[in-house]
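Here is a model to look through together. How do we get from a value to a label?

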Amino acid sequence: MSVVRRPDELVVDDDEPPDLLAEYDTEETISAVAAALSRRYRVTRVEGDTRAYARLRKLHPDLVFNISEGFTGPNRESHVPVLCEILGLPYTGSDALTLGICLDKARAKEILAYHQIPTARFEVVAPGASAAMLASFRLPAMVKPLREGSSMGIRNDSLVRTRTQLRAHVREIHLAYHQPALVEEFLPGREFTVGVLGNAPAYEILPLVEINHSVLPKGANHVYGYEAKWVWDDPAKPLPILVCPAKISIALNKRIRALVGRALDVLGIRDWARVDLRLDAEGNPNLLELNPLPGILPDPGENSALPAAARAAGYCYDELILKVAAIALRRHGLLK
Ligand SMILES: Nc1ncnc2c1ncn2[C@@H]1O[C@H](COP(=O)(O)OP(=O)(O)O)[C@@H](O)[C@H]1O
Ligand SMILES: [Mg+2]
């Protein structure tokens with residue numbers, strides 16, 4: 001069994017945005033995953049770098065527990081799954097195609113929209129492309145990098161209320177993240193994130209987590225972005241921002257679960273994921289994004305939605321990780 005991860009030697013240059021590495025797991029997370037798996041399996045850690053193919057080929061593990069975010073390009077999260085595919089190695093989680101699509105939030109939204117799953121109206125503005133449509137885009141809007149996670153490039157000021165702010169922020173995304181900007185209508189309602197385990201047609205949807213925006217500093221926008229995740233949320237004194245189980249009506253809970261189930265299905269999500277949603281002005285749930293490589297901070301004192309949802313369902317951290325491995329092994333017919 002291998003844990004595939006990032007190399008340690010990554011550094012951020014002074015002229016790069018400070019959240020450039022926000023997507024990558026810390027040593028603490030990687031060793032917690034390895035420790036959990038070690039309770040049942042023999043584990044070798046493998047970096048998801050240029051040496052990964054040769055190492056995986058030599059090790060030929062029974063299962064690759066994939067937590068690799070990759071390094072470069074729009075397909076970075078697909079790199080390790082593709083290596084596994086070439087080598088015929090079973091691996092946990094969604095396949096390369098689903099990972100690639102979900103990393104490109106607009107592509108994922110196109111598929112959701114095709115299947116009539118509500119998602120905020122959006123436009124993509126590539127660097128150098130015409131931004132004429134911004135003249136008529138309904139405000140307020142959220143501006144984010146097209147292909148990132150962990151709130152990279154999503155900050156308190158990503159919620160724009162004027163055309164000038166909108167244009168400036170789109171330009172900022174191009175300059176700082178060297179990729180298209182995704183402009184989305186702002187959904188002002190309550191926000192939820194939903195952890196899931198398993199596979200179609202029997203996904204296990206974990207207790208819903210609400211993002212309680214009211215604990216953000218006074219005057220802050222209701223955005224669960226970089227400041228909320230990494231600046232205002234001091235590990236020594238965590239913001240009580242995740243409420244699990246969310247306090248919502250049975251009807252809304254059912255509606256969100258049904259929506260999540262359909263979204264997982266149409267995007268081909270496997271084994272585990274976390275799905276972000278938010279209510280629009282009318283109170284209807286809309287899909288924000290799907291995270292097929294969900295964040296998994298091991299310390300229960302820190303804010304991490306999937307481990308929190310798993311705890312609410314009765315699974316401690318190690319059980320969560322072992323469950324994902326077992327689900328993947330079962331999917332491959334390697335476990336009864
Ligand atoms: N269209 C939107 N309307 C309202 N809030 C949004 C919208 N898009 C993003 N947000 C806010 O920004 C946060 C991060 O956005 P998200 O697309 O989930 O990116 P990430 O991949 O960084 O988690 C969300 O959790 C939510 O609080
Ligand atoms: Mg998100």
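What follows is a set of questions and answers about the labels used for this structure.

Q: What should I know before reading the values?

A: This is a predicted model, in which local features need pLDDT of at least 70 and side-chain atom pairs count only at pLDDT 80 or more, while totals for chains, interfaces and linings use all residues. Residues are numbered from 1 along each chain as its sequence is written, chains are lettered from A and ligands numbered from 1 in the order in which they are written, and side-chain values use heavy atoms, with hydrogens and water left out.

Q: What makes Asp276 and Glu289 ligands of the magnesium ion?

A: A donor is an N, O or S atom within 2.8 Å of the metal (3.2 Å for Na, K and Ca). Asp276 (OD) and Glu289 (OE) coordinate the magnesium ion (ligand 2) at 1.9 to 2.0 Å, so both meet the cut-off. Water is not among the atoms, so the site may look incomplete. Aspartate 276 belongs to strand E12 (residues 271-279) and glutamate 289 to strand E13 (residues 285-291), so the pair ties together parts 13 residues apart in sequence. Strands here are DSSP runs of E with at least two residues, and helices are runs of H or I with at least four, numbered from the N terminus.

Q: Why is aspartate 276 called buried?

A: Buried means under 20% relative accessible area, exposed means over 50%, and partly exposed is in between (1.4 Å probe, protein chains only). Aspartate 276 has 8% relative accessibility, so the label is buried. Glutamate 289, at 14%, is buried as well.

Q: How do you know that phenylalanine 65 and tryptophan 272 form an aromatic pair, and of which kind?

A: Rings of Phe, Tyr and Trp (its six-membered ring) pair if their centres lie within 6.5 Å; planes under 30 degrees apart are stacked, over 60 edge-to-face, and the rest tilted. The centres of phenylalanine 65 and tryptophan 272 are 5.7 Å apart and the planes are at 65°, so this pair is edge-to-face. The two residues sit in strand E3 (residues 64-66) and strand E12, 207 residues apart.

Q: Why is lysine 229 said to sit over the ring of tyrosine 224?

A: The rule asks for NZ of Lys or CZ of Arg within 6 Å of the ring centre and within 35 degrees of the ring normal. The charged end of lysine 229 is 4.8 Å from the centre of the tyrosine 224 ring and sits over it. Likewise, the charged end of arginine 121 sits over the ring of phenylalanine 137, 5.3 Å from its centre.

Q: What makes a group of residues a nonpolar core?

A: Such a core is a set of buried Ala, Val, Leu, Ile, Met, Phe, Trp, Tyr and Cys residues joined through side-chain atoms within 4.5 Å. The largest has 35 residues, and Phe65, Leu197, Trp272, Ile296 and Ile321 have the most contacts inside it. Helix H10 (317-331) is one of the elements giving two or more residues to this core, and H10 gives the most, with 9 residues.

Q: How do you know that E5 and E7 pair?

A: Two strands pair if DSSP finds at least two bridges between them. E5 and E7 have 5 bridges, so they pair, in the antiparallel sense. E5 and E6 have 2 bridges, also antiparallel.
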